[in-house]
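This briefing is intended to be read beside the sequence and the three-dimensional structure. Please keep both in view while going through the points below.

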Amino acid sequence: MVIDKLSRIHAYVCALPHLVQALACLEKVRDADPGHFDFDGGFILIQEGTTMPIQAGDFEAHRKYLDVQILLEGAETIAWADIGDLTVSVPYNEQADRSNHSGSGCTIPIKPDMFYICAPHDAHKACGHVETPAHFRKVVMKLRLED
């Protein structure tokens with residue numbers, strides 16, 4: 001997992017497939033209502049809501065897409081663990097590009113204008129809180145991995 005400030009996201013253009021296209025799409029939809037927005041090489045989800053207790057639910061991991069998650073407003077705590085340190089609770093579903101895993105990991109507070117990148121080995125729980133629920137507005141860029 002990589003965590004950084006949004007002001008440095010362009011430093012990752014050479015390392016992340018389709019990031020240039022995702023950033024161009026983000027410029028057009030950043031202020032849009034929550035929804036799904038396609039671009040060549042992936043899609044963007046604009047999400048808004050209230051965080052859930054970080055202990056709730058399972059970790060998730062993906063194989064076909066990298067997640068680049070950007071917190072625009074509010075607060076969230078994420079949980080991270082290496083997928084190899086967890087137990088599969090729901091096997092990989094190719095159509096949903098997701099597997100679920102149980103176990104424990106570390107928690108990391110995320111502030112507005114931060115982003116994090118989740119690779120296939122990065123099991124993660126997003127949109128959580130440790131003590132108090134918080135409102136959030138975020139962007140999830142799904143960058144298709146090359147075959």
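**Structural briefing**

The lining of the largest pocket is made up of 8 nonpolar, 5 polar and 8 charged residues; here Ala, Val, Leu, Ile, Met, Phe, Trp, Tyr, Cys and Pro count as nonpolar, Asp, Glu, Lys and Arg as charged, and the others, Gly among them, as polar. The model is predicted, local features need pLDDT of at least 70, side-chain atom pairs count only at pLDDT 80 or more, and totals for chains, interfaces and linings use all residues. Residues are numbered from 1 along each chain as its sequence is written, and side-chain values use heavy atoms, with hydrogens and water left out.

**The largest pocket**

- The largest pocket holds about 370 Å³ of space. Of the 21 residues that line it, those closest to its centre are Glu60, His62, Asp67, Arg98 and Lys142.
- On a 1 Å grid over the protein atoms alone, a pocket is an open set of points with protein on both sides within 12 Å along at least five of seven lines, whereas a cavity is a set of points where a 1.4 Å probe fits but cannot get out; lining residues have an atom within 4 Å of a point. Grid points are joined across faces, edges and corners, and a volume is the space filled by probe spheres set on the points.
- Strands β3, β6, β12 (122-129) and β13 each supply at least two residues of this lining. The most comes from β12, with 4 residues.
- Strands are DSSP runs of E with at least two residues, and helices are runs of H or I with at least four residues, numbered from the N terminus.

- Two strands pair if DSSP finds at least two bridges between them.
- Strand β3 (residues 42-50) is joined to β13 by 9 bridges and runs antiparallel to it. Within this pairing, Gly49 stands opposite Phe136, and Ile46 has Val139 as its bridge partner.
- Strand β6 (residues 65-74) is also antiparallel to β13, with 9 bridges joining the two. Gln69 of the chain has Val140 in β13 as its bridge partner.
- Strand β13 (residues 135-144) has 8 of its 10 residues buried, so it is largely enclosed by the rest of the structure. Buried means under 20% relative accessible area, exposed over 50%, and partly exposed in between (1.4 Å probe, protein chains only).

**Strand β12 and its partners**

- Strand β12 is mostly covered, with 7 of its 8 residues buried.
- Strand β4 (residues 52-53) pairs with β12 in the parallel sense over 2 bridges. Met52 has Gly128 in β12 as its bridge partner.
- Strand β7 (residues 76-82) is joined to β12 by 5 bridges, and the two run antiparallel. Trp80 stands opposite His124 in β12.

**Cysteines**

- The count of disulfides is 0, a disulfide being a pair of cysteine sulfur atoms within 2.5 Å. Cys118 is in no disulfide, and the nearest cysteine sulfur, that of Cys127, is 11 Å away.
- Cys127 is likewise in no disulfide, the nearest cysteine sulfur being that of Cys118, 11 Å away.
- Cys118 is buried, with a relative accessible area of 1%. Cys127 also counts as buried, at 16% relative accessibility.

**Loop residues**

- Arg8 is located in the loop between β1 and α1 (19-29) and is partly exposed, with a relative accessible area of 44%. Arg8 and Phe115 are 107 residues apart in sequence and 9.5 Å apart in space, C-alpha to C-alpha.
- His18 lies in the loop between β1 and α1. This residue has a positive phi of about 70° although it is not a glycine, and His18 is buried, with a relative accessible area of 14%.
- Asp113 is found in the loop between β10 (106-110) and β11 (114-118). Asp113 has a positive phi of about 70° although it is not a glycine, and it counts as partly exposed at 37% relative accessibility.
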